[in-house]
Amino acid sequence: MKETIAFLNELAAHNEREWFMAHKAEYQAIAARFSDFVAEIIEGIRSFDDTIGPLTPRDCTYRIYRDIRFSRDKSPYKTHMGAFINRGGKKSGYIGYYFHVGSAEEGNIVAAGDMCVPTEVLKIVREDIELGGGDFRAMLSKVDPRMEIDESTALKRVPAPFPADTPDAPYYKLRNYCLCYFPEDSFFTSKHLKDELLSLFRSTKPFIDYINRAVEYMKENR
């Protein structure tokens with residue numbers, strides 16, 4: 001991933017069409033290697049999560065081009081390369097395993113979950129947590145400690161009708177159910193990257209299953 005990070009840093013410094021077109025062959029070579037790596041990660045995840053079907057890298061990766069129609073930032077290209085590996089592919093609505101390697105400006109992410117959980121799913125998950133009597137907390141305690149629950153968009157107060165005086169109160173306030181780790185570049189340049197990434201994802205599988213149970217229930221009852 002050293003070449004990928006170097007390219008993304010250059011792209012961040014020259015985020016314009018002329019520069020990109022002059023370096024498009026370099027980008028295509030990097031994108032091809034990234035796609036091969038994603039294919040390996042898909043197979044690795046499938047070894048412990050059989051809900052991941054016969055996905056291809058194209059089902060899980062994203063275009064480098066930004067949609068700038070409604071954005072104040074008119075930079076034409078993303079400065080990260082990422083993959084979202086989940087049941088049915090990135091547009092299915094199920095949560096899954098995500099990682100991206102980015103420029104120094106943007107940073108790197110390893111995550112499990114989804115940053116756009118539908119309101120119906122939030123309600124179901126909160127109900128499951130309340131009825132579970134601590135099983136959600138117990139499950140989180142077994143996740144790799146580098147993967148921390150994202151509270152960046154949490155509500156300030158516990159939503160009704162959930163109790164505010166229980167150990168699970170912080171989880172009722174969440175508006176997204178996502179575990180995140182923001183590693184240094186050394187994580188992505190390590191020769192053990194594949195094994196390390198799969199180890200992190202493997203530890204989050206019970207969390208993925210927990211939230212996807214709510215997603216499935218929502219889909220069945222719509």
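Reader: Which residue forms a salt bridge with Glu40?

Author: A salt bridge is a side-chain nitrogen of Lys or Arg within 4 Å of a carboxyl oxygen of Asp or Glu. This is a predicted model, in which local features need pLDDT of at least 70 and side-chain atom pairs count only at pLDDT 80 or more, while totals for chains, interfaces and linings use all residues. Residues are numbered from 1 along each chain as its sequence is written, and side-chain values use heavy atoms, with hydrogens and water left out. With closest N and O atoms 3.8 Å apart, the partner of Glu40 is Lys194.

Reader: How many residues apart are Glu40 and Lys194?

Author: Helices here are DSSP runs (H or I, at least four residues), as are strands (E, at least two), numbered from the N terminus. Glu40 belongs to helix α3 (residues 24–46) and Lys194 to helix α9 (residues 193–203), so numbered by that rule. The pair links distant parts of the chain, 154 residues apart.

Reader: Is Asp168 buried or exposed?

Author: Asp168 forms a salt bridge with Arg137, the closest N and O atoms lying 2.6 Å apart. Buried means under 20% relative accessible area, exposed over 50%, and partly exposed in between (1.4 Å probe, protein chains only). Arg137 is partly exposed at 30%. Because its relative accessible area is 5%, Asp168 is buried.

Reader: Which residues do salt bridges that share partners join into one network?

Author: Asp144 forms a salt bridge with Arg146, with closest N and O atoms 3.1 Å apart. Shared partners make one network of Asp144, Arg146 and Glu196.
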